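The tour below goes from one selection to the next.

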Amino acid sequence: MKYLEKIITKELLRKVLPKETENLSEDFSFYIDEDYIVFRDEGETLFDYNIYKFAFKCKEWALSKGYIINSGVTTSNYWCCTIYKIIKENPYIKELSHTWEQSESEAIFKACEFILIKKESK
């Protein structure tokens with residue numbers, strides 16, 4: 001799970017976990033320890049957060065921003081996440097992108113990073 005440290009950004013952590021990260025300095029750090037994101041600030045370990053719970057919260061965050069992340073396993077045993085944009089003017093959704101990764105969590109995190117970049121480019 002250490003590879004997730006390269007995928008998850010501080011910006012995503014702050015967007016998805018605003019209450020948990022509100023008192024952290026700009027220089028906070030985090031690392032992955034088995035199934036947990038461990039938060040550190042000023043050299044001190046403060047708290048940890050379950051990685052699977054964070055993935056679920058990422059999907060909720062995306063939905064609150066008008067996106068649906070649909071995840072499922074493919075026949076080649078990769079996890080696929082399809083990102084849809086909810087179009088409010090019409091009762092439909094528009095497919096935006098796909099990610100294929102080795103774990104569902106990784107696919108969800110990459111999908112959320114895509115949403116962050118897309119929202120910033122507007």
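## A turn of helix α4

Being four residues apart in helix α4, lysine 110 and glutamate 106 are separated by about one helical turn. Helices (H or I, at least four residues) and strands (E, at least two) are DSSP runs, numbered from the N terminus. This is a predicted model, in which local features need pLDDT of at least 70 and side-chain atom pairs count only at pLDDT 80 or more, while totals for chains, interfaces and linings use all residues. Residues are numbered from 1 along each chain as its sequence is written, and side-chain values use heavy atoms, with hydrogens and water left out.

Show the side chains of lysine 110 and glutamate 106: they meet in a salt bridge, 3.7 Å from N to O. A salt bridge here is a side-chain nitrogen of Lys or Arg within 4 Å of a carboxyl oxygen of Asp or Glu. Side chains of opposite charge can pair when their charged atoms come close. Glutamate 106 counts as buried because its relative accessibility is 10%, and lysine 110 counts as partly exposed at 30%. The terms are set by relative accessible area: buried is under 20%, exposed is over 50%, and partly exposed is in between (1.4 Å probe, protein chains only).

## Serine 103

Next select serine 103, in the loop between β6 (92-101) and α4. What does the side chain of serine 103 reach? It reaches the backbone nitrogen of glutamate 106, at 3.1 Å. Leaving aside neighbours within four places in sequence, serine 103 is in contact (heavy atoms within 4.5 Å) with Tyr3 and Trp79. With a relative accessibility of 17%, serine 103 counts as buried.

## The other salt bridge

The count of salt bridges comes to two. For the other one, select arginine 14 and glutamate 26, whose closest N and O atoms are 4.0 Å apart. This pair links distant parts of the chain: arginine 14 is in helix α1, glutamate 26 is in the loop between α2 (18-21) and β1, and they are twelve residues apart. Is glutamate 26 buried or exposed? It counts as exposed, at 63% relative accessibility, whereas arginine 14 counts as partly exposed, at 23%.

## Aromatic rings

Now show the aromatic side chains. A pair of aromatic rings is described by the distance of the centres and the angle of the planes. Rings of Phe, Tyr and Trp (its six-membered ring) pair if their centres lie within 6.5 Å; planes under 30 degrees apart count as stacked, over 60 as edge-to-face and the rest as tilted.

The structure holds three aromatic pairs. One of them joins phenylalanine 39 and phenylalanine 47, which are stacked at 4.4 Å centre to centre with 15° between the planes. Phenylalanine 39 is buried, with a relative accessible area of 0%, and phenylalanine 47 is partly exposed, at 24%. Another pair is phenylalanine 54 with phenylalanine 109: the ring centres are 5.3 Å apart and the planes are at 40°, so the pair is tilted. It links distant parts of the chain, with phenylalanine 54 in helix α3 (residues 51-64) and phenylalanine 109 in helix α4 (residues 104-120), 55 residues apart. Both phenylalanine 54 and phenylalanine 109 are buried.

The charged end of lysine 10 sits over the ring of phenylalanine 28, 5.0 Å from its centre. Go on to tyrosine 67, where lysine 85 lies over the face, at 4.7 Å from the ring centre. For this, NZ of Lys or CZ of Arg must be within 6 Å of the ring centre and within 35 degrees of the ring normal.

## The nonpolar core

A nonpolar core is a set of buried Ala, Val, Leu, Ile, Met, Phe, Trp, Tyr and Cys residues joined through side-chain atoms within 4.5 Å. The largest one has 31 residues, of which Ile8, Leu13, Ile37, Phe54 and Phe109 touch the most other members. Helix α4 gives the most to this core, with seven residues. Centre the view on leucine 13: not counting residues up to four places away in sequence, leucine 13 touches Ile8, Thr21, Phe28, Phe30, Ile37, Phe39 and Phe54.

## Two loop glutamates

Finish with glutamate 34, in the loop between β1 (29-33) and β2 (36-41). Its phi is near 55°, a positive value in a residue other than glycine. Then select glutamate 42, in the loop between β2 and β3 (44-50); it too is not a glycine, and has a positive phi of about 50°.

Key:
Polar contact = N/O pair within 3.5 Å; in protein donor to acceptor, adjacent residues only side chain to side chain.
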